[in-house]
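Subject: Structure for you to look at

Hello,

Please find the structure below, followed by notes on what was found in it. Keep it open while you read.

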Amino acid sequence: MNKPSTRQAILVYLLLAVVLIVFLTPIYLVASSSVKPAPIMFQKPPAFFFTPTWEHYHVLFTERPFLKFIGNSLIVALGSTAISLVFGSLAAYAISRIRHRRMNDVAFWILSLRMFPPITVVVPYYIIFKTAGLLDTPLALIIVYSTANIPLVVWLMKGFFDEVPSALEEAAMVDGYGIIETFWRVTLPLAAPGLAVSAVFCFIFSWNEFLFALMLTGSRAQTATVAVMSFWSSDAVQWGRIMAGSFIILIPGVVFVLTCQRWLVRGLTMGSVK
Amino acid sequence: MSSIALEKVVKRYGAFEIVHGIDLAIDKGEFVVLLGPSGCGKTTTLRMVAGLEDVSDGKLSIGGRVVNDVAPKDRGVAMVFQNYALYPHMTVRQNMEFALRPLKLAPGEVDRRVRETAAILGLDALLARKPSALSGGQRQRVAMGRAMVRTPEVFLFDEPLSNLDAKLRTQVRWEIGKLHKRLGTTILYVTHDQVEAMTLADKIVIMRDGHVEQVGSPEDVYTRPANTFVATFIGSPAMNLVPARLMGGKLQAEAFTLPLPDRFAGRTAEGQAVLIGTRPSDVTLTAADNPGALRATVEVTEYLGDDALLDLRVGLHEMIAQVPAANRPGNDASVHVTFNAAGLHLFDAATGGTLLS
Ligand SMILES: Nc1ncnc2c1ncn2[C@@H]1O[C@H](COP(=O)(O)OP(=O)(O)OP(=O)(O)O)[C@@H](O)[C@H]1O
Ligand SMILES: [Mg+2]
């Protein structure tokens with residue numbers, strides 16, 4: 001490609017600016033509203049300059065056990081991410097390597113698990129977990145989220161495993177490794193970017209999920225998303241607290257993605273086989 | 001005891017039989033080359049020895065032990081892959097150490113072996129690099145290094161030079177030869193390059209369509225080809241074949257008659273259809289009044305430097321002659337040629353087999 005001209009550069013930055021505004025405005029609103037005193041919350045035009053207050057955050061952590069809800073969210077999100085990655089990548093490896101004419105059907109069947117609208121299974125899940133005595137436990141959410149995440153991981157990781165040249169695995173086997181060690185030491189490290197992508201998707205999905213968390217948890221296992229909405233009651237909507245809670249919820253997702261980012265590098269298999 | 005032994009080894013993919021019952025015995029320390037045209041089953045055979053493909057039928061032993069159902073990791077073989085198959089997430093040093101880890105050596109021994117192998121292959125300066133930062137020739141040497149550090153019973157090579165340019169190929173070929181002399185390890189080496197085969201091999205196994213056509217030293221297969229396939233496959237340009245019939249103790253071809261050399265006496269039958277084989281270097285230009293001189297027309301002359309190749313037409317027969325480039329005839333020249341009787345081969349026209357067996 002030629003060196004972009006100044007005009008092209010300006011155009012690119014202009015487009016970037018538009019995109020940034022579209023994406024960052026809501027986040028700005030959340031952040032600013034979370035520290036805005038309640039009386040000026042809905043002032044028109046919005047108040048850009050004001051003395052920030054920590055009141056909403058204070059209430060969040062003193063009047064409610066918000067830390068516990070965040071803890072619940074973390075347990076559920078990390079737990080289901082871990083389970084989904086383990087089972088999803090093992091299944092994906094099998095589907096990628098086993099030559100069988102029905103293998104595509106299996107892969108499609110796994111994907112189909114994600115096709116129904118979640119709302120249709122809320123009640124069945126409720127009945128199942130009630131019978132099993134798992135209502136209002138993190139385990140219930142971990143199970144539900146894993147069933148949703150595993151198909152995604154299978155499909156993502158299958159693509160990454162397909163890219164790992166089988167010659168590398170054969171080399172490892174001749175070098176004295178069994179199939180499990182070969183998977184662990186050669187195939188999986190080379191599919192690390194896929195693992196990182198999968199982890200990000202699983203974590204974000206589980207962290208943000210609302211519907212199942214609302215229906216399947218009570219006071220003990222409540223997650224942060226549900227807890228935030230509890231400030232929305234029939235007689236009053238406490239916007240400041242909702243915004244403060246929302247802002248806190250934003251943070252772990254960003255941290256997690258940034259942590260995974262160093263694995264999201266491409267071209268790991270470069271130079272292995274000619 | 002053979003180092004590697006194949007007895008009636010068959011490979012099938014579903015209903016397709018790719019390798020049809022190969023018998024082969026390789027002695028300890030021998031350098032054996034599997035040679036044949038593309039798709040003849042060389043790689044498949046090698047991969048069966050490595051354990052990367054199941055043996056459909058027959059018996060495969062390494063070091064006297066039947067290994068049909070032994071996993072690759074327990075066969076004591078090391079393999080150099082055609083595309084090198086270096087682990088891209090490991091440095092050169094780690095690639096070599098990785099191959100040593102299953103041997104559970106003391107750390108000092110691992111380090112010593114890596115250093116020693118790196119020194120032999122000139123990889124000292126590259127140990128900290130990843131494969132992506134190496135040239136093709138360097139990758140090739142790392143692949144050999146990874147196989148060598150393990151000091152295996154058997155080395156398997158699958159066209160290790162095919163990704164190198166012509167000059168590097170010659171150089172690495174030479175290094176492989178030296179390496180074999182130094183280590184004395186049994187080597188099974190696949191190639192379709194006959195120069196590699198002729199220069200490296202103690203024993204060449206010539207394959208076609210999943211069959212072994214001939215096993216012998218480079219000299220055997222060149223000077224005593226078992227059939228027309230080997231005769232035309234080995235040697236460049238290929239051996240000329242002219243159909244003829246044995247009549248009254250003479251070889252009667254369409255356009256000429258040759259006396260039957262003594263060594264074929266008693267090996268032919270009157271009236272038998274044969275193929276006369278002559279290497280291009282055994283077709284020589286001669287004076288017209290020489291007894292046995294045959295009239296020929298030069299269709300094309302190809303200049304090679306020291307030699308020239310002449311595309312000749314002798315009566316109805318086309319053949320190639322390799323002659324000194326000096327005083328070579330031009331295109332369309334009319335010349336006279338004779339065949340070197342000592343270099344004459346005869347094959348049965350029906351079976352293609354040599355009459356000298
Ligand atoms: N998985 C497979 N299924 C069916 N046929 C196969 C399979 N693998 C190889 N073949 C066939 O087996 C034959 C031998 O293949 P092989 O790779 O051993 O050839 P080769 O002698 O190594 O050739 P080349 O010199 O081109 O590498 C070929 O005709 C190939 O099409
Ligand atoms: Mg091959």
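Arg47(B) and Glu53(B) are joined through their side chains by a salt bridge, with N and O 3.1 Å apart. The term salt bridge is used for a side-chain nitrogen of Lys or Arg within 4 Å of a carboxyl oxygen of Asp or Glu. The model is predicted, so local features need pLDDT of at least 70 and side-chain atom pairs count only at pLDDT 80 or more, while totals for chains, interfaces and linings use all residues. Residues are numbered from 1 along each chain as its sequence is written, chains are lettered from A and ligands numbered from 1 in the order in which they are written, and side-chain values use heavy atoms, with hydrogens and water left out.

Arg47(B) counts as buried because its relative accessibility is 16%, and Glu53(B) counts as buried at 17%. Here buried means under 20% relative accessible area, exposed means over 50%, and partly exposed is in between (1.4 Å probe, protein chains only). Through shared partners, salt bridges link Arg47(B) and Glu53(B) with Glu170(A) and Lys11(B) in one network.

Over all chains, the whole structure has 27 salt bridges. One of them joins Lys158(A) to Asp162(A), at 3.1 Å from N to O. These two residues are 4 apart, about one turn, in helix 6 (residues 138–163) of chain A. Helices (H or I, at least four residues) and strands (E, at least two) are DSSP runs, numbered from the N terminus. Lys158(A) is buried, at 19% relative accessibility, and Asp162(A) is partly exposed, at 38%. Another salt bridge pairs Asp105(A) with Arg102(A), where the closest N and O atoms are 2.7 Å apart. Asp105(A) is partly exposed, with a relative accessible area of 39%, and Arg102(A) is partly exposed at 45%.

Next, the ligand. Which residues are around ligand 1? Among them are Tyr13(B), Ile18(B), Lys42(B), Thr43(B), Thr44(B), Glu159(B) and His192(B); a residue is listed if one of its heavy atoms lies within 4 Å. Helix 1 (residues 42–50) of chain B gives the largest share of this shell, 3 residues. A polar side-chain atom of Thr44(B) is 2.5 Å from an oxygen atom of ligand 1. For a side-chain N or O atom of Glu159(B), the distance to an oxygen atom of ligand 1 is 3.3 Å, and for His192(B) it is 3.5 Å. On its own, ligand 1 has 640 Å² of accessible area, and the protein covers 59% of that. Accessible areas come from the Shrake-Rupley method with a 1.4 Å probe; for residues, only the protein chains shown count as cover.

Lastly, a residue in a loop. Pro152(B) sits between helix 4 (136–148) and strand 7 (154–158) of chain B. Is Pro152(B) buried or exposed? Pro152(B) is buried, because its relative accessibility is 11%. Apart from neighbours within four places in sequence, its contacts (heavy atoms within 4.5 Å) are Gly76(B), Val77(B), Ala78(B), Ala147(B) and Thr185(B). Val77(B) is 75 residues from Pro152(B) in sequence, and their C-alpha atoms are 5.5 Å apart.

Regards

Methods. A polar contact is a pair of N or O atoms within 3.5 Å; within protein, one must be able to donate a hydrogen and the other to accept it, and residues adjacent in sequence count only if both atoms are side-chain atoms.
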